[in-house]
Amino acid sequence: MNKDAKALSAHRQVLAALLLATCFAAGAQTISLVGKKAPEFTRRDFSGTRINLAGLRGKVVLLDFWATWCASCQVEMPTFVQWQRDYGPRGLQVIGISMDDDPALARRMKAKLRLNYPVAMGDEKLGELYGGVLGLPLTYLIDRNGIIRAKFQGETDLKTMEQQLKALLAEP
Amino acid sequence: MRFNLVRVAAIIAIPAILFAARTRIHAQFGWGAPPPESASSIPTAQLLQPEELSRLLQAKGASKPLVLQVGSRMLFAQAHIAGAEYAGAGSQPEGLKQLQDRVAPLPRKTFIVLYCGCCPWSRCPNVAPAFKLLHNLGFANVKVLYLANNLGTDWVDKGYPVEQGR
């Protein structure tokens with residue numbers, strides 16, 4: 001093999017290794033969306049009403065990814081019910097996105113917890129849109145202009161979340 | 001005498017009726033059902049750290065484990081450990097059936113690694129029932145991947161190999 005052929009072969013090997021590494025690394029990385037525009041989505045909630053994130057401009061949105069198998073989620077959700085009741089008149093809209101595989105389980109949980117906000121089913125596409133929902137609970141606070149201002153993952157101090165929520169509600 | 005018989009019958013019948021009603025309500029609504037066993041119940045010796053698994057996945061031959069995800073399929077579809085298979089949610093009876101069917105043809109000495117990563121470790125409802133099932137089936141070489149927070153934080157963000165798709 002001459003020098004040029006060897007160089008070409010080495011070049012191809014490096015390229016192949018890079019492509020392989022890209023396949024492993026790309027797409028699945030969790031991406032921070034804080035400070036960025038919240039990805040738009042439209043879903044039907046369990047009552048058949050359309051949830052359109054773009055249509056909620058002017059409101060502060062608490063977007064909660066949850067599932068019935070997530071015990072921490074169920075600890076938080078009654079507080080979200082309370083906040084929807086207390087802060088709804090000031091412009092809060094809570095939206096629940098269930099990451100359950102079985103919608104029937106999510107529907108039952110919505111009834112059991114008497115959720116007073118719309119809940120829709122999620123899927124991997126929506127998860128990827130939001131930077132990878134690779135662990136629950138996961139909550140985003142979105143300001144009145146549609147910008148993601150905070151992300152809470154795992155067991156969260158709800159007082160901290162409430163303070164940030166109130167600060168967003170106070171913004172014009 | 002007759003009064004005593006009625007009283008005994010009532011003592012037996014009332015709890016039975018209440019138990020049957022409770023079971024029916026649980027089956028219909030999932031209310032008040034006992035929570036699944038926590039991941040914290042898994043013996044420490046059976047846990048595997050992410051860096052250890054990453055090393056094992058690079059090995060060739062017999063030392064490479066069969067990696068099974070026993071949590072949510074939706075999370076699996078977004079990202080899973082490279083080479084892992086989805087084996088059903090350990091917290092659900094149908095999930096455990098799926099796991100049982102998957103391992104049925106395997107030799108009992110097969111090196112299996114279970115993982116979930118849905119939630120913070122102590123809150124994960126899936127890995128402990130799955131581990132218990134394999135233990136009861138006689139699998140002696142089973143480890144459980146310790147993911148303190150979730151798959152995203154403890155595996156994906158650390159750059160360990162992942163794949164996507166169902």
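**View 1. Strands E3 and E6 of chain A, side by side.** E3 (residues 60–66) and E6 (residues 138–142) of chain A run antiparallel, joined by five bridges; strands here are DSSP runs of at least two residues, helices (H or I) of at least four, numbered from the N terminus, and two strands pair if DSSP finds at least two bridges between them. Across from Leu63(A) you'll find Tyr140(A) in E6(A). Bear in mind that this is a predicted model, where local features need pLDDT of at least 70 and side-chain atom pairs count only at 80 or more, while totals for chains, interfaces and linings use all residues. Residues are numbered from 1 along each chain as its sequence is written, with chains lettered from A and ligands numbered from 1 in the order written.

**View 2. The open sheet of chain A.** Its five strands come in the order E5-E4-E3-E6-E7, with mixed pairing. E5 (119–121) and E7 (148–153) of chain A sit at the edges with a single partner strand each, so one side of each has no neighbour in the sheet.

**View 3. Strand E6 of chain B, covered on both faces.** Val142(B) and Val144(B) on one side, and Lys143(B) and Leu145(B) on the other, are all buried (20 or more other C-beta atoms within 10 Å of the residue's own, C-beta atoms being placed from the backbone; 12 or fewer is exposed, in between partly exposed). E1 (residues 47–48) of chain B pairs with E6(B) in the parallel sense over two bridges, and Leu48(B) has Leu145(B) as its bridge partner.

View 4. Over residues 14–28 of chain A, pLDDT stays under 50 (the predictor's confidence in each residue, from 0 to 100).

Terms used: Contact = placed C-beta atoms within 7 Å.
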